[in-house]
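The following exercises ask you to read a protein model with its ligand, beginning with the overall dimensions and ending with the backbone. Please work through each task before turning to its solution.

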Amino acid sequence: MITTLSEALQGNPYQGYAYSYPHKTAYRAFPSPIPLQQLWSAENREALFLYVHIPFCEMRCGFCNLFTMSNPKEDLVIAYLHALERQAGMVKAALGEAAFARLAVGGGTPSFLEEAELDKLFATLEKKMMTQPEAISFSFEVSPKTVTPSKLRYLRERGVDRISIGVQSFLEEESKALGRPQRNAEVHQALEWIRQTDFRTFNIDLIYGGATQTPQSWLLTLEKTLAYQPEEIYLYPLYVRPLTGLEKLGTDWDNFRLHLYRLGRDYLLSNGYEQVSMRMFRKKGVATAEDIAYCCQEDGMVGLGAGARSYTNAVHYATEYAVGRKGIKGIIGDFVERNPESYRYAEYGIQLNEAEQQRRYLIKSMLHSQGLSLDRFRQRFGLNPLDQYSQLHELLRLGLARLDAEERLSLTPAGLERSDPIGPWLYSESILALMHQYELQ
Ligand SMILES: C[S@@+](CC[C@H](N)C(=O)[O-])C[C@H]1O[C@@H](n2cnc3c(N)ncnc32)[C@H](O)[C@@H]1O
Ligand code: SF4
C-alpha cells in the first residue's frame, strides 16, 4: 500500500485507472437489500444521468478489461433487452417523479445491436424510463466493425448527439498486436460515415504503449486522427491485466508510456486541443457533456444493465450481485433470469459518509484539469480542504499542484501525467483496506 507521495511517484506511474471513487472492489453485499425508493427519495431528481450498459461486442480485443462478452447468441441479446425493460419499469417506479438531463449507452459495443434491437432499447428508454432522447445530451458508443450509414442515421434521428468510437491505432500491425485485428479501410470508412452524419460531438479513443508501437507510429496515428477533427480525443495508456492475454512488455514499459503520453499531449495541445484530464482532450471552444456534468458534480446517476453502477450522494451500488466473482456470462445469465422484484432493491455497493463524500468530490476535482475551487468546497462542505487534507500541501510542495489567484487548486502538467498514482494516493484508509481485502480473497 502506498503511504507517501514520493513512494507513489517513484513507482509505476500506471498503477491503475482511478475510474471512480470508491473503486468497485470496495463494494460489498449490504446487510439487507435497500429499497431503491428509499435510496432516491431524498435526492434531487431533476437532472439525473441515465447510463445503460450493453455488454456485447463483435470480438473480444486482447487488451480489453471491460465487462463484455463477444458474439453472444441472438437469444441472449433479446433476453437481455427484455430484462432491461423489466428493470427499467421497476427502477422508474422506485424513482417516482424524475427527469433525466443526460443519457449514455455504453459497453461493450452498443452498436453491436441491430436496428430492430435498437428499437427495443429506445422503447425502453422512452416508454419505461420516460427519457426524451432528442431533448437531452445523449452519448452512444460504437466500434468500426459494427457501424453502418443506416444505423448512424437511425441513431442521429433518435436523438444521439455524441458518438464515441474506439480506433486505438491507425496501423494495422499495431492493432493486430494489441489483439484487435482491424482493416484500416474499414476504420476510415466508419469515421467518414460518422463525420457525414453530423453528430454534435464526435469522440475517438486511442491507445498508446503497445509492444510494436514507436514514437513515430504514435504520431502518425495522432495525425490521422486529426484529419477528422473530432471534438474529443481520449488517449488511453495501455493497461493489461493478466487475464486479458497480453503479457507485460518489460521494465522500460512505464517510461515508454510516459514518453508517448507527453508526445501525444504536446501534439494535441499544439494542434487546437485543450487538456481536460490525463486522458481527455477537447477541441478548443467546444463545450462537451462531460464538461457540463463536471460543473454540476451531481451524483445522481441511474445505471441499467448487468454491469452498470448507480450513484446517489450517500450510496453507490451495482446491478450485478458479485463483481467479477463469476464469469461475465454467468453474471449476464443471472441478470436476465432475475425475479423482476429484485430490481427494486440495491443489494451490493457502498455507503458514503460525509467524509467520503467530501473525499470523492476532492478526488474528482483534482483529476480534472480545472481543479478544485476552495471556495466551492467551502460552500458545499463548510471547510477548507487545505486544512483537512495534508496531501494537498505535499502536492503543492512537490510542484505537482498549484494554487491560482482565484483559489483554485489544480494539478500542474507534472501532476496530471501522474494522475493514476495520485488518485489512489488520495483514497481514504478505510476504502484502501476494503480494496485490499477484496484483492486478497
Ligand atoms: C467501450 S470501449 C470503446 C467502444 C468500442 N467497444 C470499441 O472498442 O471501438 C472504451 C475504450 O477503452 C479503452 N480501453 C479498453 N481496455 C483498455 C486497456 N486495457 N488499456 C487501455 N485502454 C483500454 C479503449 O480505447 C476503448 O476504445
Ligand atoms: S475494446 Fe471495445 S470492441 Fe474491444 S472488447 Fe473492449 S468493448 Fe469490445
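**Exercise 1.** Decide what the radius of gyration says about the protein when it is set against the value for a compact globule.

*Solution.* With 441 residues, a compact globule would have a radius of gyration near 22 Å, and the protein has 21 Å, which agrees; the radius is taken over C-alpha atoms, and the globule rule is 2.2 Å times the number of residues to the power 0.38. Along its principal axes, the C-alpha trace spans about 55 × 50 × 45 Å. Of the 441 residues, 41% count as buried, where buried means 20 or more other C-beta atoms within 10 Å of the residue's own, exposed means 12 or fewer, and partly exposed lies in between, with C-beta atoms placed from the backbone.

Before going further, note that this is a predicted model, in which local features need pLDDT of at least 70 and side-chain atom pairs count only at pLDDT 80 or more, while totals for chains, interfaces and linings use all residues. Residues are numbered from 1 along each chain as its sequence is written, and chains are lettered from A and ligands numbered from 1 in the order in which they are written.

**Exercise 2.** Describe the shell around ligand 1: which residues are the closest, and which strand gives the most?

*Solution.* First, 19 residues surround ligand 1, and the closest are Thr109, Ser143, Gly166, Asp205 and Tyr236; a residue is near the ligand if its C-beta atom, placed from the backbone, lies within 6 Å of it. Next, strands S5 (100-107), S7 (162-168) and S8 (201-208) each supply at least two residues of this shell, and S7 gives the most, with three. Strands are DSSP runs of E with at least two residues and helices are runs of H or I with at least four, numbered from the N terminus.

**Exercise 3.** Locate the cis peptide bonds that involve proline 22 and glycine 108.

*Solution.* One cis bond joins tyrosine 21 and proline 22, with omega about -5 degrees, and proline 22 lies in the loop between helix H1 (5-10) and strand S1 (28-35). Another joins glycine 107 and glycine 108, with omega about 15 degrees, and glycine 108 lies in the loop between S5 and helix H4 (115-128).

**Exercise 4.** Is asparagine 71, whose phi is positive, buried or exposed?

*Solution.* Asparagine 71 has a phi near 40 degrees and lies in the loop between strand S4 (69-70) and helix H3 (74-95). Because 10 other C-beta atoms lie within 10 Å, asparagine 71 is exposed.
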